[in-house]
Amino acid sequence: MVGVSDERSSSPATPAAPAPGSHPVLSLALAAMMEDVHAHSGAVYLLGADPPVLEMAVMAGLPRAFAAPWERVTLHSPVPVADAVRERRLVWVGDGEEMARRYPRVAVVLPYPFALVALPVATGSAAYGAVFLTWPGSRSAELSARDRDHLTAACGRLAVRLERAAAASVPVHPEPDLLAAPVVGGAPGTLGSLEAVRMVGRLPYGLCSLDLHGRVGYANPAAAELLDVPVGTLLGTQLWTAVPWLNDPVYEDRYRAALLSQQATSFVALRPPGDWLSFRLYPTRTGLSVRVSRARGLSRPEPGGATAGDAAAPRARLVTISQVVSLTGALSEAVGVQDVVQLIADEIAPTVGSQGLVVLGSRAGRLHVLGHRGYPDPAVAERFDGTPLTMRIPGTQVLRTGVPAFFESWEQLERLYPARRGTHDGFAAWAFLPLIASGRPVGTCLLAYERPHSFTTEERAILTSLAGLVAQALDRALLYDAKHRLAHGLQEALLPHSLPAVPGVEAAARYLPATRGMDIGGDFYDLVPARGTAAAVIGDVQGHNVTAAGLMGQVRTAVRAYTAVGQAPEEVVRSTNRLLIDLGTELYASCLYLRLDAGRGRAVLARAGHPPPLLRRPDGGVGVLHVPGGPLLGIDPAADYPRTEVELAPGTLLALYTDGLVESPGVDFDDALTDLGRRLAEAGDLPLDELADRLVRDEAGAGERLDDIALMLLRAPV
């Protein structure tokens, strides 16, 4: 344990003062604070230096399992003790509703009525840790000035002792937790006198005593009979462990709720095959007393049928948990903004009983409707679009402040936000949830309900926590959509919008983007008029991202430039290769370049690692045009790319393509090339635009393309 300095000079420690180490300083300080303000539970954290992490050193009043998610927290964690240390102030959370609003992650794990205070353990120059204390929900919603002063002073005294320990190089270690002694049962003296034990044994309903860990310390014969478990098996074990049909998180949750809130709780459970039992839990600071009896008014369930009555509530909650798990997985796969909107509509809205949905973002100081569902009249949801963020309505307020807002009726919403008068949307209750990612607001999620809806503390906490998951997915989706628009704009600018008319040559081209990644790629093509002839090029730059698209544009521009200065085909490819190497990129490219001379009926080709073209003869026969080539562009600066001349009789058709047209998982390349040749032979007499559409038709209709596709058709006129 070390202090984290504020870089201010600290006064020297008093030598005569005792330092911790010989007795449990932390436990004594915690117990004294709890006794002074009548707290129910509490803990002391020590602050480490590298990294600066708060680690729980001792807990009192409740088992440590209640605070297990926060045994070790960073100073940036959204929990009260971290805020107390980071901001050097007392943090007070008066009830469960405030906890759900300010610290939804805590409220999701502990959705019970309780109050909490967190304080820093710090001197004027350094922080050494933190303390939190809790009270049951029956406590006043305010912390008195007297309690604030006493707790602040106590934490200050503890900080001084820890400062002196640090100055004396005396380590302060974690200490054993402070819990009430466990109940030990099975002997007549457990409940007092022998007569009292006999009296309890004669009762027609079951009684159990549990310690703070949920372990059975005593059970009367009626309890053993009702639970159908011998007393000897029950003693010393947790109730939900000893009784198999109680091994359900929902029942353990009731035990946790009773201990933390210090209020009696109850539940019903089905003892197989069809007996309903009622459990009522009475908590104290030392444990719980449990009464077990037969539940009244509940019928035996039909085989395989749904349960009824009170027992349905736990089952519904379990379904909600499974849906939340499903949502988490689905959100991780969402790509664009509309994917996120649809997932909220499909997963969250049905789970929480919402019928309407609007997802809002912001742009240039105004609200922007990203998507909506469930509104019969779309204009009702879209009227938010363009609303200034300075206007005081729930959507803007939540986006600006990051604080959720819940309205259980139209009257409540209209009273708090008069600007909404006369703008009823046909729903009766609303939850406005802030979508906050990495500490900044990215939007607001509006869930609307057809009927008035009372939002419980637990529901508010869950909705706010789910909004955090949605925010992360929406943040990624907004970034993806922005990059997607940028990349497509770049690619559209780099590829030719149309092919130029070249005398003596018919030409058509098609491009299909990949459906993975950014839906863009490095495939390119071009047709360049050149001194009475024409040059055609097709190629593929490695990758499916903005970098690949940008490099594709550079390669295409270079080919045009080298063609314009009159370089021969093999020189064009060699020059482009050297350029790619000089650019220092780690990407490679394939390329097929040909110079057409329709007047002389020939073509000159050079190839760099690109698939060979197909040639359809005037008689309809199709074959692969074997063109000797060199390696991919960008690998070897001394690479040679030989030229190949072919005769082009009138009516001859050349098909240039990228590998995306003939390569797919599980399909042999030669088989795919043969199939392309067959289709070219069958439809080769069609007009080129119609032929191009037919050759890419299957790929255009495919649900998924792993690679982009470019196709160029060139025909020597008859």
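**Group meeting: salt bridges, cores and buried residues**

Let's start with a cluster of charges. Asp83, Arg86, Glu87 and Arg89 are linked in a network of salt bridges. By salt bridge I mean a side-chain nitrogen of Lys or Arg within 4 Å of a carboxyl oxygen of Asp or Glu.

Before I go on, the ground rules. This is a predicted model, where local features need pLDDT of at least 70, side-chain atom pairs count only at pLDDT 80 or more, and totals for chains, interfaces and linings use all residues. Residues are numbered from 1 along each chain as its sequence is written, and side-chain values use heavy atoms, with hydrogens and water left out.

One of its residues, Glu87, meets Arg86 in a salt bridge, at 3.6 Å from N to O. How covered are these two? Buried means under 20% relative accessible area, exposed means over 50%, and partly exposed is in between, with a 1.4 Å probe and protein chains only. Glu87 has 39% relative accessibility, so it counts as partly exposed. Arg86 is partly exposed too, with a relative accessible area of 36%.

How many salt bridges does the structure hold? The count is 31. Here are two more. Arg72 pairs with Glu55, and their closest N and O atoms are 3.5 Å apart. That pair links distant parts of the chain: Arg72 sits in strand S4 (residues 72–74) and Glu55 in strand S3 (residues 53–60), 17 residues apart. Glu55 is partly exposed, at 40% relative accessible area. The other pair is Arg643 with Glu645, at 3.3 Å from N to O. Arg643 has 39% relative accessibility, so it counts as partly exposed. Glu645 is at 45%, and that is partly exposed as well.

Now the chain as a whole. The secondary structure comes to 20 helices and 28 strands. Both are DSSP runs, numbered from the N terminus: helices are H or I with at least four residues, strands are E with at least two. Of the 718 residues, 49% count as buried. The chain exposes about 32300 Å², and carbon and sulfur atoms supply 54% of that. Those areas come from the Shrake-Rupley method with a 1.4 Å probe; for residues, only the protein chains shown count as cover.

Contacts next, meaning heavy atoms within 4.5 Å. Take contacts between residues at least 6 apart in sequence: 61% of them join residues at least 24 apart.

What about the interior? A nonpolar core is a set of buried Ala, Val, Leu, Ile, Met, Phe, Trp, Tyr and Cys residues joined through side-chain atoms within 4.5 Å. The largest one has 64 residues, and Leu246 and Phe279 have the most contacts inside it. Helix H10 (residues 249–261) gives the most to this core, with seven residues. Which residues does Leu246 touch, not counting those up to four places away in sequence? They are Leu239, Trp240, Tyr251, Phe267, Ala269 and Phe279. There is also a second, separate core of 48 residues, which includes Leu495, Ile538, Met552 and Leu654.

Ser575 lies in helix H18 (residues 569–582). Is it buried or exposed? Ser575 is at 6% relative accessibility, so it counts as buried. Leaving out residues up to four places away in sequence, Ser575 touches Tyr562 and Gln567.

Last, the cysteines. A disulfide would be a pair of cysteine sulfur atoms within 2.5 Å. A search of the whole structure finds zero. Cys155 is buried at 1% relative accessibility. Cys591 is buried at 2%.
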